[in-house]
Structure formats: C-alpha cells, structure tokens
Amino acid sequence: MSATAVHSLWTMAADPVDKIDAPTIEYGQLSPVLIVIGAAVIGVLIEAFVPRKTRYYAQLFLSVVSLAAAFAAVVGLAARGFGTTKAQIAAMGAIAVDGPALFLQGVILLTGIVAIFTFAERRLDPVSHGNRVDSFVAQAGSVPGSEGEQAATKAGFATTEVFPLALFAIGGMLVFPAANDLLTLFIALEVFSLPLYLLCALARRKRLMSQESAVKYFLLGAFASAFTLFGIALLYGYAGSVSYATVADVVEGNVKTVDPALADTMGNDALLLIGVAMVVMGLLFKVGAVPFHMWTPDVYQGAPTPVTGFMAAATKVAAFGALLRLLYVVLPGLRWDWRPVMWGVAVITMLGGAIIAITQTDIKRLLAYSSVAHAGFILAGVIATTPDGISSVLFYLAAYSFVTIGAFAVVTLVRDAGGEATHLSKWAGLGRRSPLVAAVFAVFLLAFAGIPLTSGFAGKFAVFKAAAEGGAGPLVVVGVLSSAIAAFFYIRVIVLMFFSEPKADGPTVAVPSPLTMTAIGVGVAVTLVLGVAPQYFLDLANQAGVFVR
C-alpha cells in the first residue's frame, strides 16, 4: 500500500465523528466533598514533609478545620435552597444534591468532628518514655511485641496517618448517600471502606486482636463488595444504564425506545431481581443487619475504641442514606417485591440483636449487638415507603450517631493495667467510684433503650409511627417487644454500675483532655435536646425528606 493511501486512511480515521464534550462539574454544589478529600490529600503530604514532632498538631488542626468548613458548605447549600426547591443532579448525573443528601452529609461531618476529637485524645494512657500516647500503635508496620515496636514506642513515634485516613473515609461517606448512579455508589463504598479496614488494625493495646478484627472486616467486606459489584453488573445488563433514573424508568416500563443490542435482556426480571438482591445485600452488610452482621461484634471489640465509635455512627448514616435512595428512587416500582424481604430482615435484625446482646459479657460487644438491633429499628422506617418514613429515618440516624460516639468515648475512660477495662464485671460499682462518668453512660444507655425525654425515644417513636401509618403494624409490635428485651440489658448495666459493690482491684476512671470531654458533652447535649424538644429537628428532617429524581 502506498504512503499516500495510508495517510488518507489515517486522516479519515482521525476525523472526529462526534466531539467528546468536556464534563460540566458544579464545583460549588460538590464543595463539601471536595474540601474533605482535598484536606485528606494535604494530610498525606503533611505525613511526608512535616517534622514528626509537629505532625499531630498539624493533622488535628487540618482535620477539624476542613470538616467544619465542609459543614459550613453544607449549611450554605441548604440555605440557598439546594435541599428543597433547587434540588438537582450534579456532576453529569453522578451525584444528587437534595434534602436527604445534604441532611446526611451534615450529620456525617458533625459526627466526624466529634470522632476526630476522640482520635486525638492523649491523656488516657500513662506517659510512655516521656511522651503522651493515644489509642493508636506507635508504628503500624511493626510486628506486635517485636523489638521494632518497642523501639518505635521508646522513640515516641505516633501513627498520625489516622487523621487523613479518617478524612478519606468521611469523604467516601459524603458521596455514598448522594450517589445517583450505581458506579459512583460502588466507588464511594470502596473509598470509605478501605481506610476503615486499616484504622481497625491500629490499636495500641491488644494489637493481635485488633489485627484479627481488621482481617475479618476486610475479608467479609471484600465479599460484600463483590456481591454489590456483581449486582450492579446485572442491573446494567437489565437496564442498559447505571443511572438511577434510567434504571427506575426501565423498572416502571416508561422507556419509549429500546436499543436493539439491549432488546433481549431489557425487561428480563431475573436480572433485575438477582441484581437488586445483591446490591441491597452489600448495603445491609454495611448497616450490620442480620444475617449480614457477623463481622460487627468482632470488629467493634477488636478495633481501637475511637475508631469503633466513628465507624458505628458514621457508617450507619452513610449506608442507610444509600439504601433509602436506592429503594425510594430506583425501585419504587418494585415495592411489592422488596418490602416482604425487608420485613423479614427487619424482624430478625431487631429480635436477633436484642436477644444475643443479653448474653454478652464485654461492653463493646454488647454495644455492637445493640447497634444491630438499632439497624432493625431504622429498617422499620425504611419499610414505611412514605415521606414520613424518610424523615423519621433521617432523624433517627442523627440522634443515634451522637449517642453512639458519646457511649464509646465513655468506654475509653474506664481503665485498668491492661488498657480499657471492657469486661462487664469490671464496671461493677462504677457509680460509687466515679458518679459523673457512670451517670453520663447511664444517659446514653437510656437513650439506646428509648426511654422518654431522650433522643432515642423521639427517634423510635418517629420510626414506629411512620411504619404503622405505612401499613407495617405487626412490625411495630415486634419493634416494641425488641425494645423491651433491649431495655433489660441496658438497665442491667446501670444496675451493675450503681447498685454493686466496687471491687478493691477494680478499674480507675482516667481524666480525659478537653477533646474527649467535648465529644461526651456533645453526645449528652444532643441526647437531651433531641429528647426534650425534638420538634424543630423533626421539622428539619421533614423538609429534607424529598429525593430529587
């Protein structure tokens, strides 16, 4: 072939048939996510270039300022009407900017700030080689108990990488409930899961247990992610698109023109039902619903307690937000198929979490099963399929997240020679030894139990009311029975603290820095304010309860 012929072929091939348009990105509407991810990247650079002595202060300052700035951005977007009248789909259809997204992002950011305070706590452990130490291992790469670990501890090393890891996790969590297509959903899932796997392995005390919990979480999380991805592939095969709106149109039969390549698979219900089951399974794993809860007690017990508190609160908020959007935006046309399954999951989650919690002897495992039971209560609101269902779930998540971080922050204070004293027998007589700490923990336990004048009561009442009005009356009966069972083991801990004799060799209560005091104080304040005067926040959740389609 002559050179001219080759040249003419080349020019023909190079002629643009359709110009690829540059994507239009609404940076202002995505600013909360961009601020947090940007700060996380700067945090990585701080680890590389800032001297070791000043890293802790630089990371703490950067984390708190960036999360506060991102929260201000969320409030700014809500004030400009993006939660209500101006709600829209941003970033070429990838992210929804609407009421539920902004509300949940605000909760995640506030929870994140409080969690960062617990991460930064350095007064609880005794001073080691002249250095104050936190809950995290001196050098993550060293073998537990090895000379390398002892040398790192002696040199006063600190794993300040936990701050950028937490920021990356929060960045992923901000995208997760706002994702408006299945691929964005999956990427957000991985962005917030991977840092959490790492954070779980970094406990200073009981390192082998911590590493075991991280491996369990990673392996089971990888399985759940694989199921989610397989489900996404099947839904793509069913609808020919990963966009929520397009999948919803195909489910409801509103598609006018069908691509010939998709004519054979589009409308194949087997692809739809198996795909939905797999994606929902991945989300139920993240919220810790039975039977996908097996990782919860082991990981909560093994992870550093500040990480457990952060994970228990923020992950639930993000995952329930994503589950709500998937069921209410993509699958309202499939309601008769997914509601009975969710009924079953909610019932076994409420009863399973409450009954197994009774047998626990470790306070962190008890709170883990308690969080499983709470996932069941929140699912009751999800099943309502009414606007009240959405707003009640939003309110419950906001109330639950602060109580959880506060409760785990209190757990970090009760210590013996081996670190945190998490065995229940060690808590006997705590009310006589340290009345204030025991009273604060009792407030959190009463909120978990749903006793009136606490945020837990207002949240449960809202969720059960929405479920009853949505036609799920029997579910509410099961919920109330489960709450009664759960109240037994919460009250049992209170009785143990206040009405048992303290042991002579019992644990001491460490005096925390203002950071942990703030975290616990915020938890108590939110618990009481949402319990005594919940109406303003219920109205706020109500206004934020409309998804953009």
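Predicted model: local features only at pLDDT ≥ 70, side-chain atom pairs only at ≥ 80, totals over all residues.
The protein has 21 helices and five strands. Its radius of gyration is 25 Å, close to the 24 Å that the globule rule gives for 549 residues, so the protein is as compact as a globular protein of that length. Along the principal axes, the C-alpha atoms fill a box of roughly 90 × 60 × 40 Å.

Now burial and surface. Of the 549 residues, 58% are buried. The accessible surface comes to about 21,800 Å², and carbon and sulfur atoms account for 70% of that. As for contacts with a separation of 6 or more, 80% of them are between residues 24 or more positions apart.

Next, the core. Which residues have the most contacts inside the largest nonpolar core? They are Phe 176, Leu 379 and Phe 441, in a core of 187 residues. Helix α12, residues 305–330, supplies the largest share of this core, with 18 residues.

Let me stay with Phe 441 for a moment. Setting aside neighbours within four places in sequence, Phe 441 is in contact with Ile 363, Ala 407, Val 410, Val 411, Trp 427, Val 493 and Met 497.

One of those contacts, Val 411, is worth a look from its own side. Val 411 belongs to helix α15, residues 387–411. Is Val 411 buried or exposed? Its relative accessible area is 0%, so Val 411 is buried. Again leaving out residues up to four places away in sequence, Val 411 touches Thr 305, Ile 363, Lys 364, Leu 367, Glu 420, Thr 422, Trp 427 and Phe 441. For a sense of scale, the C-alpha atoms of Val 411 and Val 250 are separated by 49 Å, and these two are 161 residues apart along the chain.

On to the aromatic residues. The structure holds 19 aromatic pairs. I will show two. In the pair of Tyr 197 and Tyr 217, the ring centres are 5.0 Å apart and the planes are at 90°, so this pair is edge-to-face. Tyr 197 lies in helix α7, residues 182–200, and Tyr 217 in helix α8, residues 207–239, so the pair ties together parts that are 20 residues apart in sequence. Tyr 197 counts as buried because its relative accessibility is 7%, under the 20% cut-off. Tyr 217 is also buried, with a relative accessible area of 0%.

The second pair is Phe 285 and Trp 295. Their ring centres are 5.4 Å apart and their planes are at 35°, so the pair is tilted. Phe 285 is in helix α10, residues 269–287, while Trp 295 is in helix α11, residues 295–302, and the two are 10 residues apart. Phe 285 counts as buried at 6% relative accessibility, and Trp 295 is buried with a relative accessible area of 3%.

Last, two places where a charge meets a ring. The charged end of Arg 52 sits over the ring of Phe 157, 3.8 Å from its centre. Lys 86 lies over the face of Phe 82, and here the distance to the ring centre is 5.6 Å.

Key: Residues numbered from 1 in each chain as written. Heavy atoms only, no water. Core = buried A, V, L, I, M, F, W, Y, C linked by side-chain atoms within 4.5 Å. Buried < 20%, exposed > 50% of the residue type's maximum accessible area, 1.4 Å probe, protein only. Helix = DSSP H or I, 4+ residues; strand = E, 2+ residues; numbered from the N terminus. Contact = heavy atoms within 4.5 Å. Phe/Tyr/Trp six-rings, centres within 6.5 Å; stacked < 30°, edge-to-face > 60°. Lys NZ or Arg CZ within 6 Å of the ring centre and 35° of its normal. Rg over C-alpha atoms; globule rule 2.2 N^0.38 Å. Areas by Shrake-Rupley, 256 points an atom, 1.4 Å probe, with all protein chains shown as cover.
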